[in-house]
Amino acid sequence: MTRKIAVLGAGKIGEALLGGILRGGRPAADLLATVRRAERAEALRARYGIAVVDNAEAAKTADTLILAVKPQDMATLLAELAPHAPSDRLVISAAAGITTAFVEERLAPGTPVVRVMPNTPALVDEGMSVISAGAHAGEEHLRHTEEIFTSVGKALRLPESQQDAATALSGSGPAYFYFLVEAMVDAGILLGLPRDKAHDLIVQSAYGASLMLRDSGEHPVTLREAVTSPGGTTISAIRELEKHGVRAAFLAALEAARDRSRELASGGNGGNSGNGGSR
């Protein structure tokens, strides 16, 4: 579990992993990447000093294969890898909705597969990655996967049956916060603030609130109540949020994200754009 690692489909998340692994002390000679475009390959070589190869070469050479392509591209990638990847390779899938069984049945029998759902804060080393073992993955494979993904944030083990829920919460989660910040900035403009000032106020408030949630150990209700004075401005705002069903809307939204993850797992089409691990 200490030799070459290949990131297949080195988009934003894949590149974040490459950078994190290098910052963790692993030499560039231990890393490989695969990409579709020649200019992207050249950029990765120049930026990180790593080898960029084709998928077949990665499967033959690397001991760990991280599959960071879009869900709809996974079957094609696995068909390309299957003739070249022996069963002792650790295969890590980082695509939403792709089950370990889907990967296992397309590769050599007995191949250890670990499913991971990362999220985009990995780009700033504050990602949250959810890790689940396939039928042939053992403790050693899970530890190695954790070592890779904790280089760009935190990792949490969950049973694979809970991966769709984790995708809805943390995989897609950053988008909900960006949506909320966008709405609050627009509200600030409506209230008479310049856009840049409203942005600064909201982003710093969000950052500070996130740190308090992470580091204080307090329940979010306790932290919210500490801001909510009787008869004050905050309770007036919360009353409006409740009146407009914001809590119910979040519950419905997360259920929809979970259901879409299940559709992807069963072969549903459409939907996502962006780089590997997209949701």
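Me: Where does Asp-125 lie, and what is its phi?
Reply: Asp-125 sits in the loop between strand 6 (113–117) and strand 7. Helices (H or I, at least four residues) and strands (E, at least two) are DSSP runs, numbered from the N terminus. Most residues other than glycine have a negative phi. Asp-125 is not a glycine, yet its phi is positive, about 60°.

Me: Before we go on, what kind of model is this?
Reply: Residues are numbered from 1 along each chain as its sequence is written, and side-chain values use heavy atoms, with hydrogens and water left out. Local features need pLDDT of at least 70, side-chain atom pairs count only at pLDDT 80 or more, and totals for chains, interfaces and linings use all residues, since this is a predicted model.

Me: How many helices and strands are there, and what is the strand order in the sheet?
Reply: The protein chain has twelve helices and eight strands. Two strands pair if DSSP finds at least two bridges between them. The edge strands, strand 3 (51–52) and strand 8 (153–157), each pair on one side only. The sheet is open with mixed pairing, and its order is 3-2-1-4-5-6-7-8.

Me: Which residue of strand 5 stands opposite Ile-66?
Reply: Ile-66 belongs to strand 4 (residues 64–67), where Thr-64 and Ile-66 on one side and Leu-65 and Leu-67 on the other are all buried. Strand 4 is joined to strand 1 (residues 5–8) by four bridges in parallel, and Val-7 stands opposite Ile-66 there. Strand 4 also pairs in the parallel sense with strand 5 (residues 90–93) over four bridges. In strand 5, the residue opposite Ile-66 is Ile-92.

Me: What is the handedness of the β-α-β unit that contains helix 4?
Reply: Helix 4 lies across strand 1, strand 4 and strand 5, at about 155° to strand 4. A crossover is right-handed if, with the strands pointing away from the viewer, the path from the first strand over the helix to the second runs clockwise. The unit made by strand 4, helix 4 (residues 74–81) and strand 5 is right-handed.

Me: Are helix 1 and helix 2 roughly parallel or roughly antiparallel?
Reply: Helix 1 (residues 12–23) and helix 2 (residues 38–48) have axes 12 Å apart and pack at an angle of about 15°. Axes are lines fitted to C-alpha atoms, for helices over the stretch in contact, and angles run from 0 to 180 degrees between N-to-C directions. Angles under 35 degrees count as roughly parallel, over 145 as roughly antiparallel, 65 to 115 as roughly perpendicular and the rest as oblique. Helix 1 and helix 2 are therefore roughly parallel.

Me: How are helix 7 and helix 12 oriented to each other?
Reply: The axes of helix 7 (residues 163–171) and helix 12 (residues 246–265) come within 8 Å and cross at roughly 130°. Contact means heavy atoms within 4.5 Å, and the residues making it include Asp-164 of helix 7 and Leu-254 of helix 12. The two helices are therefore oblique.

Key
Buried < 20%, exposed > 50% of the residue type's maximum accessible area, 1.4 Å probe, protein only.
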